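Please keep the sequence and the model in view while working through them.

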Amino acid sequence: MNLGALSERLSASPRVQAIVALVVVIALVLPIVTSGFVTGLLIEAILLGLFAVAVNIALGYSGLITLAPAFFFGLGAYGLAISTVDYGVSFWVGFVVAVLLSLVFAIIVGFAPIRRGIGPAYFAMFTLAIGVIGYDFTYVTTSVTGGSNGKGYVVPPEILGLDFGEPVVYYYFVLLITIVVMAGIYRLLSSDYGMVLHAIRQSEHRMRYLGYGTRREKFNAWLISCVLSSFAGALYVGQLGLAAPSLMSFDLTGEVLIWVVIGGVGTIAGPFIAGFGLTLIEHYLGSIWTEGYLILIGILFVSFVFLLPEGIIGFLKERRE
Amino acid sequence: MIIFLTASGLTLIFGLIGLINFTHGALFTMSGYVTMTTIQFTGNFWVGLLAGVIVVSLFGLLLERSLIQWLYNEEPLLGFLATFGIGPLILREVMRAYFGGQTYSVPNPIPGSLVVGPVSYPTYRTLVIVIGFAVALGIGLLLSRTRFGLEIYATTADTDTAEILGTDTTRVYTATFVLGIALAALAGGLVSPITAVYPDLGLGFMLIAFLVIIVGGMGSFKGSFVASILAGQIISFGSTVVSPTYATMGVFFIAMIVILFRPTGFYGKTEVLE
């Protein structure tokens, strides 16, 4: 399905059209009617949603059980922070550095295990090790990463009279990029490539017999997933102002897995909605009752795994069919 | 040795059930807390350790019967996600909520050091090593010399045939899971005087243990023993040369290389590969 078909589908259903229009209007109006703090929170929520979508390309569409998503998110964050703060390159060049850095690491980490076709449990452990090494690395190499203080401060620049350091401006910037990226992902995954990935996940052997280079396809999906994760991470630093070890932690990996599962493994919108919504809920509920929130989320997560492994979107789709 | 006790439980569960059990770390921590709490009431470390192992094993049994057993025939992603939700999310946070984030120290039951010639080593740690060897021997004998061990191997090799031939495979699964958890509980209780007890205690040990069972060979009890000793030595010797963090990173790096080029580990069987 290409963009034409997408707009066709949108125009076909007035209800979907109305919902999309409503969401767009709300998204555009929100930063104007709320405070700068809430705008900052919304930026974070959008980016974490985007991160969940990126992770889902590997986890949901290719069946690669990765335990290193936070590694790439953090890599993007540190890539941007270190290159702008220590090497004085501009904010935009910092993005290029962050993305290239994560591409290099994605190739290093993913090439051998995916090409050799190691089993899912081994891939999980392999990426787990990468995640732990990355997290430890941010702590011990204080001269490079700033240790537990993190690396800061990154201030987005001013261009053509638009100050990107201003939350509202940065919000629109992030929103625009997210919409473009999401549309790109939607197009990619509803193309033949998405079908191939889906089929590989169903039965890799059969696809291999049919002549598909299943490992190459998976590897490509892995690269896309990692690069998008780090891209979200780099954007996140633009909002947060610094890169800290928590952006590379196992806890963040855990959270993004929760979002993907609750939103729906192998759906496009699901992880975004879950990542966005739960970040907001976590912020408000978490400030009232931190432990209780985490326990509730845990229980919610486990119930989803057992009862609705397809996630919210998958469940709704099934019911409609 | 603590690594070994954790890893041996994991490898039993992974080798037989094929479950990536992420509840292991949380149950490890839980045993530490139970031990600590019991010591506060009774003042005796050994009673605390025993209570830790018993309570956590019973909890493991409950968990297996209520939730975990439904994961056995599912794809690995689901099993991993479910145990991940139960362990690091729910159990860890419940413990954090109840006991708070602070560190509880546990008094050393046997202070003092053993002095052999020029070398002196804390008595308690020596005892932990002895217990570790005893458990290794015990489990090794259990697996290779008893009917139960035979049933475990039979169930691993071919569940249906084992069932037809009269093995109660459901019971074998349950017993293996609980045995694995009991080993984690023993490790958690034993480590408490050395490291003190805090919510993330088990997580770190579990992560190392996961790599250890791969390096040793998935499902191989002997392999996890050898690999644990190696990892433990690298970490402790590495810590004296460079910082402990670098030593741990080194172990993880070595583990990655092994996963890549020899995914069967030292003693692993090839059929668990795909």
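Q: In which helix of chain B does Ile13(B) lie?
A: Helices (H or I, at least four residues) and strands (E, at least two) are DSSP runs, numbered from the N terminus. By this rule, residues 2-17 of chain B make up a helix that contains Ile13(B), namely H1.

The model is predicted, so local features need pLDDT of at least 70 and side-chain atom pairs count only at pLDDT 80 or more, while totals for chains, interfaces and linings use all residues. Residues are numbered from 1 along each chain as its sequence is written, chains are lettered from A and ligands numbered from 1 in the order in which they are written, and side-chain values use heavy atoms, with hydrogens and water left out.

Q: Is Ile13(B) buried or exposed, and what is its relative accessibility?
A: Buried means under 20% relative accessible area, exposed over 50%, and partly exposed in between (1.4 Å probe, protein chains only). Ile13(B) counts as buried because its relative accessibility is 0%.

Q: How far apart in space are Ile13(B) and Phe177(B), C-alpha to C-alpha?
A: In sequence, 164 residues separate Ile13(B) from Phe177(B). In space, their C-alpha to C-alpha distance is 5.7 Å.

Q: In which sense do strands E1 and E2 of chain B pair?
A: Two strands pair if DSSP finds at least two bridges between them. Strand E1 (residues 113-116) and strand E2 (residues 119-122) of chain B are joined over four bridges, and the sense of their pairing is antiparallel.

Q: Which residue of E2(B) is the bridge partner of Val116(B)?
A: Along this pair of strands, Leu114(B) stands opposite Tyr121(B). For Val116(B), the bridge partner in E2(B) is Val119(B).

Q: Which residue in the turn between E1(B) and E2(B) has a positive phi?
A: E1(B) and E2(B) form a hairpin, with two residues between them. The turn residue with a positive phi, of about 60°, is Gly117(B).

Q: What is the phi of Ala196(B)?
A: Ala196(B) is found in the loop between helix H8 (169-195) and helix H9 (201-216) of chain B. Ala196(B) is buried, with a relative accessible area of 11%. Although Ala196(B) is not a glycine, its phi is positive, at about 70°.

Q: How many residues apart in sequence are the parts tied together by Asp200(B) and Arg92(B)?
A: A salt bridge is a side-chain nitrogen of Lys or Arg within 4 Å of a carboxyl oxygen of Asp or Glu. The side chains of Asp200(B) and Arg92(B) meet in such a bridge, at 2.6 Å from N to O. Asp200(B) lies in the loop between H8 and H9 of chain B and Arg92(B) in helix H4 (residues 76-99) of chain B, so the separation of the parts tied together is 108 residues.

Q: Is Arg92(B) buried or exposed?
A: Asp200(B) counts as partly exposed, at 31% relative accessibility. The relative accessibility of Arg92(B) is 9%, so Arg92(B) counts as buried.

Q: What is the distance between the closest N and O atoms of Glu93(B) and Arg96(B)?
A: Both residues lie in helix H4 of chain B, three residues apart, about one turn of the helix. Glu93(B) is buried at 6% relative accessible area, whereas Arg96(B) is partly exposed at 25%. They form a salt bridge in which the closest N and O atoms are separated by 3.2 Å.

Q: Which residue of chain A is linked with Arg92(B), Glu93(B), Arg96(B) and Asp200(B) in a network of salt bridges?
A: The structure holds seven salt bridges over all chains. The network that includes these four residues of chain B also includes, from chain A, Asp251(A).
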